[in-house]
Amino acid sequence: MFKVLFLLFIVIPIAEIALLLQVSDVIGGFATLALVILTAVLGARLVKQQGLGAYANVQQQMAQGQLPASDLFAGICVIIAGVLLMTPGIMTDVLGFMLLTPAIRQKLAKALLQRATVQVQSGGMFNQHSAQQEQQFDPFAGRTSAHVQPERGEGNTTLEGEFKRKD
């Protein structure tokens, strides 16, 4: 974790400053400043456009009862791209614009899916009547959960307790 934080807060800003200084030597200081501002404005427009599109796709798929995994991933990529594009620098702008490219997002999603491992574990306590047990996959928890339908007469449990009404 320390290596990641070190990279994010020390190495990347130093590389960005060095790159900005090199670019300003080639095209000039005002042109470099204009380039950084232009990429931030253009990036904000693209992020807004693609973010609203991804949001609309997620709503549409959820209304149809489907899990919008690819559109959720696209939305996350658009958010990360927005953060990168709003950060002053050339290297972060290039990475941000790459994340706004659908073809690159698809390749990234494929690569992440190939590396992902799905762990399905059965959890919870359940009745011994195997005919009454239904295994359902919970895509958000990453595990299966056992749901038991009690037989008639089994589900009648009386709980005793006290309560006080405070008006």
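**Exercise 1. In this predicted model, find the handedness of the crossing where α3 passes α5, then describe how the two helices pack.**

Solution. 
- Step 1: Look at how the helices cross. The crossing of α3 past α5 is right-handed.
- Step 2: Take the angle and the distance. Helix α3 covers residues 69-86 and helix α5 covers residues 102-115; they pack at an angle of about 115°, and their axes are 11 Å apart.
- Step 3: Angles of 65 to 115 degrees count as roughly perpendicular, so α3 is roughly perpendicular to α5.
- Step 4: List the residues that touch. From α3 come Phe 73, Ala 74, Cys 77 and Val 78, while α5 brings Arg 105, Leu 108, Ala 109 and Leu 112.
- Step 5: Sort them by class. The contact of α3 with α5 has seven nonpolar residues, one charged residue and no polar ones.

**Exercise 2. Find which helix holds Leu 20 and which residues beyond its sequence neighbours it contacts.**

Solution. 
- Step 1: Locate the residue. Leu 20 sits in helix α1, residues 2-27.
- Step 2: Set aside neighbours within four places in sequence. Leu 20 then has contacts with Thr 32, Val 36, Gly 89 and Ile 90.
- Step 3: Now try Pro 88. Leu 20 and Pro 88 are 68 residues apart in sequence, with their C-alpha atoms 9.4 Å apart in space.

**Exercise 3. Describe the spans that UniProt lists as "transmembrane region".**

Solution. 
- Step 1: Read the record. The unreviewed UniProt entry gives residues 27-47 and 72-100.
- Step 2: Check residues 27-47. This span is 95% helix and 0% strand, with its end C-alpha atoms 27 Å apart.
- Step 3: Check residues 72-100. Here the chain is 83% helix and 0% strand, and the end C-alpha atoms lie 14 Å apart.

Notes:
Residues numbered from 1 in each chain as written. Predicted model: local features only at pLDDT ≥ 70, side-chain atom pairs only at ≥ 80, totals over all residues. Heavy atoms only, no water. UniProt positions renumbered as here; feature names shortened; annotations may be inferred. Helix = DSSP H or I, 4+ residues; strand = E, 2+ residues; numbered from the N terminus. Axes fitted to C-alpha atoms, helices over the stretch in contact; angles between N-to-C directions. Parallel < 35°, antiparallel > 145°, perpendicular 65-115°, else oblique. Left-handed = near helix turned anticlockwise from the far one by under 90°. Contact = heavy atoms within 4.5 Å. Nonpolar A, V, L, I, M, F, W, Y, C, P; charged D, E, K, R; others polar.
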